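Visitor: I am new to this structure and would like to learn how to read it step by step. Could we take the features one at a time, beginning with the general idea and then turning to the case at hand?

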Amino acid sequence: MEPISEQSHASLLSKLLLSKLSHIMWSCTLFFVASSELFLILQKLEPKLHFLPLCFLLICFLLKWLLSRPSPVYIVDFSCLKPPNHCRVPFAAFIENASQFKLFEPKSLTFMAKALQASGQSENTYLPSPLHFIPPKTDQNEAIREVHKLLFPIIDDLFAKTNVSPIDIDILIVNCSCFCPSPSLSSIVINKYSMRSDIKSFHISGSGCSASALGIDMAQRLLRVHKNSTAMVLSTEILSTGWYTGNEIPKLILNCIFRMGSAAILLSNKNQLKKNAKYRVLRTLRTQSAFLDDGYLSAILEEDSVGKRGFSVRKNVLHVAREALRSNITALGYQVLPLSETLRYVVSLFKLRILKKDSKGKGIYVPNFMSVIQHICLPCTGMSVIRETGKALRLSERDIEPALATMHRFGNQSSSSLWYELAYLEAKQRVKKGDTVWLLGMGSGPKCTTVLLKSVTLLSGEPKNGPWADCIQHYPLLIN
């Protein structure tokens with residue numbers, strides 16, 4: 001690791017000095033006001049003069065409040081990994097390799113073949129290099145190398161696109177659900193790029209496909225506390241350690257639909273980065289229902305009957321996802337919908353409770369969110385789940401197109417899929433200045449996280465950049 005730069009020490013020292021100076025100035029102000037008031041009382045001057053120190057104090061309070069208001073948080077830019085072609089895994093190659101492992105029973109191979117066909121993904125998705133070996137390499141060293149191949153290219157690309165250097169990063173958030181090395185993933189990144197000694201770093205695990213949206217929520221909240229700062233959120237999943245080699249059907253699903261991908265997102269509240277930012281973060285909303293056993297156990301990492309670890313996806317997962325989504329959009333509806341739409345929604349919820357409709361929610365009025373939101377990025381869980389979610393939210397075929405296209409071209413990339421969908425919308429040149437984009441993350445727990453973004457610039461050149469550059473012209477035709 002390289003030594004900490006003098007600029008890093010200078011930045012840390014300047015922040016400490018500014019904090020101390022602010023505290024001293026505010027203490028001096030209070031002392032001055034108190035002394036002035038005491039002087040007026042002792043001199044027994046006219047009562048109206050007592051208003052002068054109080055007015056001065058009020059003005060100071062107002063200035064302090066104005067200066068301490070949270071600055072708007074912007075997404076400056078983001079980068080998505082385009083995996084190398086040698087990592088491509090056609091269906092036939094997937095099943096052939098799996099059959100040579102001599103670990104899977106014939107019924108397991110048959111199930112995985114059917115799951116691949118029904119998932120909605122194409123023959124052009126990717127698996128990391130360790131899973132192309134026979135047998136797969138799933139040791140710690142291979143997983144660390146997979147981390148390097150997934151994260152370092154997108155970090156380099158993001159720095160190049162934004163002209164931001166590693167020492168400019170004040171907050172680092174890395175999410176990866178099932179791989180938690182020590183030192184942590186955030187420490188691996190800090191070591192590679194020799195980031196500052198005072199950087200605030202976090203590693204989010206166990207949150208599944210909702211983790212990236214959760215990371216944006218966390219970064220926004222931190223940036224509202226820390227002024228003039230920059231945050232980087234990294235989203236990925238290490239698949240080599242999550243590969244299941246047993247024969248329990250619920251645990252084989254993730255072998256078939258989870259694919260290689262990663263995303264890096266740069267957020268900031270700095271004025272100098274605001275002018276080049278793509279989006280402003282309007283609001284975030286998190287809901288979860290881990291307190292319910294059915295939801296908690298619907299998608300869970302556990303060992304099978306012979307001690308092999310795998311991620312179980314149970315039959316009630318669609319119902320659990322529907323309920324998690326309902327709680328999130330219920331809270332979101334009160335915040336973003338017009339008054340008339342909100343009233344209809346409240347009445348429908350009231351009727352639902354009074355009439356005690358069944359758990360599928362028949363009779364509930366689903367608000368038209370697309371009347372106030374122009375684009376939506378859905379959880380990329382599989383073709384059938386995407387369509388069910390779209391139906392539940394009254395979305396059109398064009399609305400769910402980014403999720404279907406991402407599933408087809410790249411598979412389910414866990415939490416980073418949302419950014420491939422946003423990159424798809426940009427590559428199609430659909431995001432206009434002033435448009436609102438809804439990122440909807442849903443994952444194990446179960447958790448549901450909403451991120452609303454507003455486009456603040458006129459995007460140009462996006463079809464030639466990013467992961468869709470060589471194939472955007474084929475969509476949406478290929479997913480029909």
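Visitor: How many of the residues of strand S10 are buried?

Guide: Bear in mind that this is a predicted model. A residue counts as buried when its relative accessible area is under 20%. By that reading, eight of the eight residues of S10, which spans residues 436–443, are buried, so the strand is largely enclosed by the rest of the structure.

Visitor: Which residues of S10 point one way, and which the other way?

Guide: In a regular strand the side chains alternate between the two faces of the sheet. Here Thr436, Trp438, Leu440 and Met442 point one way from S10, while Val437, Leu439, Gly441 and Gly443 point the other way, and all of them are buried.

Visitor: Which way does S10 run beside S9, parallel or antiparallel?

Guide: Strands of a sheet pair through backbone hydrogen bonds, either parallel or antiparallel. Strand S9, residues 375–377, runs parallel to S10 and is joined to it by three bridges, with cysteine 377 standing opposite leucine 439 of S10. Strand S11, residues 447–455, runs antiparallel to S10 and is joined to it by eight bridges; there the bridge partner of leucine 440 is threonine 450 in S11. S10 and S11 form a hairpin with three residues between them, and in the turn glycine 445 has a positive phi of about 140 degrees.

Visitor: What is the order of the strands in the open sheet?

Guide: The open sheet has nine strands in the order S3-S2-S4-S5-S1-S6-S11-S10-S9, and its pairing is mixed. S3 (200–204) and S9 stand at the edges with a single partner strand each, so one side of each is left without a neighbour in the sheet. From one strand to the next, the twist averages 20 degrees. Elsewhere in the structure's strand pairing, S4 (residues 230–236) and S5 (residues 262–268) run antiparallel and are joined by seven bridges, and leucine 234 stands opposite alanine 264 in S5.

Visitor: Which strands does helix H6 lie across?

Guide: Helix H6, residues 185–193, lies across S2 (171–175), S3 and S4, and runs at about 130 degrees to S2.

Visitor: How many of the residues of helix H15 are buried?

Guide: An α-helix has 3.6 residues a turn, so residues three or four places apart point the same way. In H15, eleven of its eleven residues are buried, and the helix is mostly covered; among them are Trp419, Tyr420 and Tyr424. H15 is followed by glutamine 429, whose phi is positive, near 60 degrees.

Visitor: Where is alanine 427, and what is it in contact with beyond its neighbours within four places in sequence?

Guide: Alanine 427 belongs to helix H15, residues 417–427, and is buried because its relative accessible area is 6%. Leaving aside those neighbours, alanine 427 is in contact with Glu462, Pro463, Trp468 and Ile472.

Visitor: Is serine 414 buried or exposed?

Guide: Serine 414 counts as buried, at 5% relative accessibility. Serine 414 is found in the loop between helix H14 (397–410) and H15, where, leaving aside its neighbours within four places in sequence, it is in contact with Gly208, Cys209, Glu237 and Phe258.

Visitor: What is the relative accessible area of isoleucine 95?

Guide: Isoleucine 95, in helix H3 (residues 91–100), has a relative accessible area of 21% and is therefore partly exposed. Not counting residues up to four places away in sequence, isoleucine 95 touches Leu109, Met112, Ala113 and Leu116.

Key
Residues numbered from 1 in each chain as written. Predicted model: local features only at pLDDT ≥ 70, side-chain atom pairs only at ≥ 80, totals over all residues. Heavy atoms only, no water. Helix = DSSP H or I, 4+ residues; strand = E, 2+ residues; numbered from the N terminus. Buried < 20%, exposed > 50% of the residue type's maximum accessible area, 1.4 Å probe, protein only. Contact = heavy atoms within 4.5 Å. Pairing = 2+ DSSP bridges. Axes fitted to C-alpha atoms, helices over the stretch in contact; angles between N-to-C directions.
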